[in-house]
Amino acid sequence: MAKKNILTKENIIHLAKLSNLQLTDEEINKYLDQLEQTVEFIKNLDELDTTGVTPTSQTTNQSNATYEDGEINEQGLSSQEALKNAKNKKNNYFNVKRIM
Amino acid sequence: MDGFKPVIGLEIHVELKTETGMFCQCKVGQFGAEPNTHVCPVCLGLPGALPVPNKKAIEWTIKIGKALNCRINLHTKFDRKHYSYPDLPKGYQISQYDEPIAVGGQVILNGKTFRIHRVHLEEDTGKLIHLGEDTLVDFNRSGTPLVEIVTEPDFDNSDDVKKFLEELHTIIRCLDVSDADMDKGSMRMEPNISLRIMNHESRIKNKEIKLPKYKVEVKNINSFKFVKQAIDYELERQKEILERGETPVQETRGFDEKKAITYSQRSKEEAHDYRYFPEPDIPPLTFSNEYIDSITVPELPGQRMKRFVETMHLKEQDAFILTREKQNADYFETVISKLKSSHSNLNLKTQNLEQLIANFIINKKISIDLPIDEFIKKTIELQTPKETDENALRSAIDNVIKNNQKVADQYRQGKTNALMFLVGQVMKEMKGKAEAKVVISRLTEILK
Amino acid sequence: MDLLGFTITKIRELIEKKTISEKEVNEYFLKRIKKYNPVLNAFVTVVDNNAKGIPLAVKDNYCTKGVRTTASSKVLDDFIPPYESTVTDRLTKKGFSIIAKANMDAWAHGASTATSDYGVTKNPWDLSRYPGGSSGGSAASVSSYLVPGAIGSDTGGSIRHPASWCGIIGLKSTYGRVSRYGLIAMGSSFDSPGPMTLSVEDNALLLRHIAGKDKFDATSSAENVSDYLREMKIARKLVVGIAESYLEGVDEQIKGRFNEVVEIISKMGHTVKKVDLLSPKYSISVYTILQRAEVSSNLARFDGVRYGNDRSHFGAEAKRRIMLGTYTLSHGYYDAFYKRAQKARTLIKNNFIKVFEDVDLIIGPNVPVTALKIGDFEKYPFYGELMDQLNEPANVSGIPSLSIPIGLNSEGLPLSMQIMGSYFNESTIYNLAYQLEKETDFFGVVKKGISNYKD
């Protein structure tokens, strides 16, 4: 049974932090409503009996897809190619503002 | 620890020495390479890139699990572990959550059992370098296969931890799946440390009823010696806090080698919400029993040591030293078997051949860097009774006495240990080409 | 030479016969693109392809090496992939070339193309209406013959929906049939690349070229790639199922025309029978929960460090889905939401497997309404997910489904239906579609659409 939760503003701010998103006050309030609506989507799943059912993570039953160690690297990039799209770089490194 | 019982668990990360990545074909282990020269869309986390797992990395994880006496799960999968950090290109790490490759093992050391909670496989992150205002990121290391070994909190002192880690290090190297080099970061250790208050009740029962309500993780420890220091410091620190009636903060701390202290990293106190869910880009893995059985584990250092003691009658200490590195133990055994088979007719003047060879190796009398045949040659040389050149000996003795009159006099006056000095000088002059017994006998004669 | 309306198959034939050169073909389409794209806004980027190969448009979420790829989001405004997606790589190796990166809902989030950061694409049938989405640019460009064919991606109906609203043929391939390597991930366990074309034959032809195991995609299937073109033409009599639950909430005109087509199918000698399928509403729930979770995860990599712009450049819809996904996965909710949905997914999958024991195909309407007017999007709060309710079951289960035009409504807007098949059975789908095409010419819809856009 899914529990109905009353989300708080703090919850939304926390979720935004986890999502690495900066939200405006307006957006925070908007999400407060919208997230609750997620619960609505679950409600009709309660109508299905899922006891003993194995979850599906792979719809077409693939398994054991691996590659052999040491294969030639067909996808390798030069450091130039790797850094081409970066806006901040220095001496072949990607550059971010100093992390404390 | 009066009134307190340390509760210590360990988390160890081992970088596998596969040729290519956990999920891509970039070369790994390129320590010291130019930054961002071993990257591809997958390990850079470019849009649209997809991971394909490395078969050997999986095999080697099973091998480690088996070596640690774990149960190998026949059904296993990868999961996404989410957090934000610049060295984590996808914003999540592909790791394993609730269905790891191996669970429930143990390592027995000196009669004590230390349980292994789990062994799982994941990918390493890139590397950050802090330089002034900048934090520079190199993704060469990103995507390297990383095995995580988690023990149960079975340790209650830092000595056991040190011994365990050293043993684990030896086992990993014996399996030849990793260099386990702490300087290069291919083996990393993080102890989780807390103290249980032992009240009257718990002392009587001495059972693990409840674990302490907090634990402190210590990161950034680069050697076994430092692990012991870090734990000892941390236990004291926590004891003081608990004695004040407070609870130590649950946190991650760093270790300062110079000061031998741990320090708070002031990272977020909130528990991480990794939002694990099964990795949709990698179908789950199913192993057959045949496959698991086909992954063999060589004779482990502990077993080998036991065999050396029991069948070769080596001293335990010597057996221990010889079995720390697989190649040394292999060399030793090859020498023994060669000597026994092809030189059995030689009178090697010894009761315990194995112990003799062990001594040569451990005392570095003969170098194990030599090719095996050379080693054997030298052994024979050392053991075959030498014919001492009496003339050369006589002139050497005369020389030595002449140059060391004072010492010779001391001996004559009754200082018996002065003799050994003279013997040593003669041996030096004879460049070892004299039997010690003979030298002593001649010298004493002449000195009379 | 007047190529107007020529299929890929026909163009290829003409090139092989040397009746026309690749250069002429490309110049022809480029001219039309220059003329009509400013009006339709079907493309984010028009590509200089050296006038080689048969030109196609690909949705702008396929990474094309050296060619800007944006997923219609400002986050990737200046992103130039250093590598090629498997789909475009296979196409370019088989005599095709990419002449345009097609507009889409940003990150493929939506069913209108209105969430694109580069403006909405107009429906060629009525410029005041949406083309559908998220592969709106691909659909519009094929319908108006700016290109003879295009590639889209279908996660929750994103090929079939715009194919429906623009009156063309669009296939959601079986999940794992076509490699996702290089396709900017939206819902990793749902994303299915597929061709969008003017004829069934063209669709089969393109699928044959892009399908097949890819060692760079662990979810791609090693299942043999059928000879779709040959199998499509075999005279077969098929057993076709229809589920009541798929007719609910559908516009009367769509239902009406669908029933007429069912009659035709019967008359052609196929067997039509009722089947019992779980209501599509369960698929909406499963899809919404799982897709949001996967989306929030897949978008975590966009931090502006290695490429693109930082996360403040995400549009409202993307932010919304990320927040919802994070919520779904967050501590304490995983079991209640995510795991439940995965279990329900198994039930839906098994339901289809069971039904396909009795029928070769399942048919039904795939969109409840025809093309909406631009601006109406805001009126429907769950626009995207509800609009796709009839399409979502195929994504949830992974089975293939083809959208085909079945006429125009009283406002002259295209009507459609979908043909669903069992896993990796695109051949059977094409077989019925091809027969219908021959029988009805899809009621002249495709031709009419192109005729609105003269050279």
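Which residues touch the most other members of the largest nonpolar core? They are C:Leu56 and C:Ala433, in a core of 229 residues. A nonpolar core is a set of buried Ala, Val, Leu, Ile, Met, Phe, Trp, Tyr and Cys residues joined through C-beta atoms within 7 Å. A residue counts as buried if 20 or more other C-beta atoms lie within 10 Å of its own, as exposed if 12 or fewer do, and as partly exposed in between, with C-beta atoms placed from the backbone.

This is a predicted model, in which local features need pLDDT of at least 70 and side-chain atom pairs count only at pLDDT 80 or more, while totals for chains, interfaces and linings use all residues. Residues are numbered from 1 along each chain as its sequence is written, and chains are lettered from A and ligands numbered from 1 in the order in which they are written.

Helices (H or I, at least four residues) and strands (E, at least two) are DSSP runs, numbered from the N terminus. Leaving aside residues up to four places away in sequence, C:Leu56 touches C:Leu91, C:Phe96, C:Ile98, C:Ile99, C:Val147, C:Gly149, C:Ala150 and C:Ile151. Two residues are in contact if their C-beta atoms, placed from the backbone, lie within 7 Å. A second, separate core has 15 residues, among them B:Met305, B:Ile357, B:Ile361 and B:Phe375.

## Helix pairs

Axes are lines fitted to C-alpha atoms, for helices over the stretch in contact, and angles run from 0 to 180 degrees between N-to-C directions.

| Helix pair | Axes | Angle |
|---|---|---|
| α6(C) (200-210) and α14(C) (426-440) | 9 Å apart | about 160 degrees |
| α9(B) (326-342) and α11(B) (372-383) | within 10 Å | roughly 60 degrees |
| α3(B) (158-175) and α5(B) (224-243) | within 9 Å | roughly 155 degrees |

Angles under 35 degrees count as roughly parallel, over 145 as roughly antiparallel, 65 to 115 as roughly perpendicular and the rest as oblique. A crossing is left-handed if the near helix is turned anticlockwise from the far one by less than a right angle, and right-handed if clockwise. For residue classes, Ala, Val, Leu, Ile, Met, Phe, Trp, Tyr, Cys and Pro count as nonpolar, Asp, Glu, Lys and Arg as charged, and the others, Gly among them, as polar.

Helices α6(C) and α14(C) are therefore roughly antiparallel, and their crossing is left-handed. On the α6(C) side, C:Val200, C:Ala204 and C:Leu207 meet C:Glu426, C:Tyr430, C:Ala433, C:Tyr434 and C:Glu437 of α14(C). This contact has six nonpolar, no polar and two charged residues. C:Ala433 is also one of the two residues that touch the most other members of the largest core.

In chain B, the angle of roughly 60 degrees between α9(B) and α11(B) makes the pair oblique. Their crossing is right-handed. B:Thr334, B:Val335, B:Lys338 and B:Leu339 of α9(B) make the contact with B:Ile372, B:Phe375, B:Ile376 and B:Thr379 of α11(B). By class, five of these residues are nonpolar, two polar and one charged. B:Phe375 also belongs to the second core.

Helices α3(B) and α5(B) are roughly antiparallel and cross in a right-handed way. From α3(B), B:Ser158, B:Val161, B:Lys162, B:Leu165 and B:Glu166 meet B:Phe224, B:Val227, B:Lys228, B:Ile231 and B:Asp232 of α5(B). Five nonpolar, one polar and four charged residues take part.

## Chains B and C together

Between these chains, 32 residues of chain C are in contact with 23 residues of chain B. On the chain C side, α9, α10 (316-329) and α11 (334-355) each supply at least two residues. The most come from α9(C), with three. That side has 16 nonpolar, nine polar and seven charged residues.

## Backbone details

Most residues other than glycine have a negative phi, and most peptide bonds are trans. The peptide bond from C:Gly133 to C:Ser134 is cis, with omega near 10 degrees. C:Ser134 lies in the loop between β3 (96-102) and α4 (136-143) of chain C.

C:Asn50, which is not a glycine, has a positive phi of about 60 degrees. This residue sits in the loop between β1 (43-46) and β2 (54-59) of chain C, and C:Asn50 is exposed, with 10 other C-beta atoms within 10 Å.
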